[in-house]
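Hi everyone, thanks for coming.

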Amino acid sequence: MKIRTLLFVTSYPPRECGIATFAQDLVNAMNKNFAGNLNIEVAALEEAGKPANMKEIPVTYSMNPFDIDECIDFAQKINENDKIDLVCFEHEFGLYGGEYGHNLLAMLSLLDKPFVVRFHTVLPYPDHKCTKVVSLISALAAKVIVMTRSSATLLQQVYHVPAEKIVHIPHGTHAHIVEDVDALKKQYNVEGRMVLSTFGLLSENKGIETGIRAMKDIVKQYPGAIYLVLGKTHPVVCSREGEKYRESLEQLVQELGLENNVRFVNNYLSLKTLLDYLSLTDIYLFTSKDPHQAVSGTFVYAMSAGCAVISTSFVQAREMLEDGAGCLVDFNNPEQIAACAIPLLGNPESYARR
């Protein structure tokens, strides 16, 4: 039996971005489950203005998606590779050059191989150009994949993609079982404390200041509570404005007198360390400011770790918390976060891992 080859076109580690992490996790999981029956390769998308990374397995191609000529050359290389049976493109508008990632459309129009596209974001109120690009990408693809029911509905109703072409596959996650949470808290220097946390690459859109402001009311009831802000500043943000946002958060902590109740873990965390932090978390805060965000890997990881979740009302949160599995709050509303967190912290059985 011929072993099929699947090529992922995506950002990929060592690049630091959410889709790179998602792609690596997906490739690792598929290799584990389909070992010997499926060969997986990666075409790593380069960052604008940065040199290509060294190719290491499973990366077999490196491509600059901001150079239209290189996009065309890449399509030709794939067409000439008889071993590749299917191509999967991870799509986010900022990953590809041209208006609304128009370079991707040029590449796809020249591709002879069958391909699928996974849309990580589906905008609910697109302008004409955005609608056209997404509709044409969908028309060319064998299937389009989304991770929420809302995104599937938008593709049908706004972009006029036929329902039979759309596949809904929810965002996956990791299994990480911890038997002794108290020991883990001791290991990470939060022994005996109620832990709230947020993680991800920092940018203003994350709304971390809302979680910090909520702590002002939370610590009045629970002085020992601590809020862990896990993750370094997003590399794109850091290259553009340095640590301006993180410094503003640190200043806010000082102004509110929360130095003993807010801790910044300014690192790009390994998967094990990240899952450890989530396992010792009592309440996870998702404070994003973007109501149109379709999915969040950080949100799903927290849910799978068994944390109680308090989240702003973005698309995926509304779908996953609709049965009462967590609390939905308005955007930029620290008072609502505190009002949800305080009763939870007072009733540990309500959020205890089962």
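Let's start with the second largest pocket: α1 (18-33), β2 (38-45) and β3 (59-63) each give its lining at least two residues. Keep in mind that this is a predicted model, where local features need pLDDT of at least 70, side-chain atom pairs count only at pLDDT 80 or more, and totals for chains, interfaces and linings use all residues. Residues are numbered from 1 along each chain as its sequence is written, and side-chain values use heavy atoms, without hydrogens and water.

Helices (H or I, at least four residues) and strands (E, at least two) are DSSP runs, numbered from the N terminus. A pocket here is an open set of points on a 1 Å grid over the protein atoms alone, where a 1.4 Å probe fits, with protein on both sides within 12 Å along at least five of seven lines; lining residues have an atom within 4 Å of a point.

Which residues lie nearest the pocket's centre? They are Tyr12, Pro13, Pro14, Arg15 and Asn53, out of 21 lining residues.

Finally, histidine 91 sits in strand β4 (residues 86-91). Is histidine 91 buried or exposed? It is buried (under 20% relative accessible area, 1.4 Å probe, protein chains only), at 1%.

Key. Buried means under 20% relative accessible area, exposed over 50%, partly exposed in between (1.4 Å probe, protein chains only).
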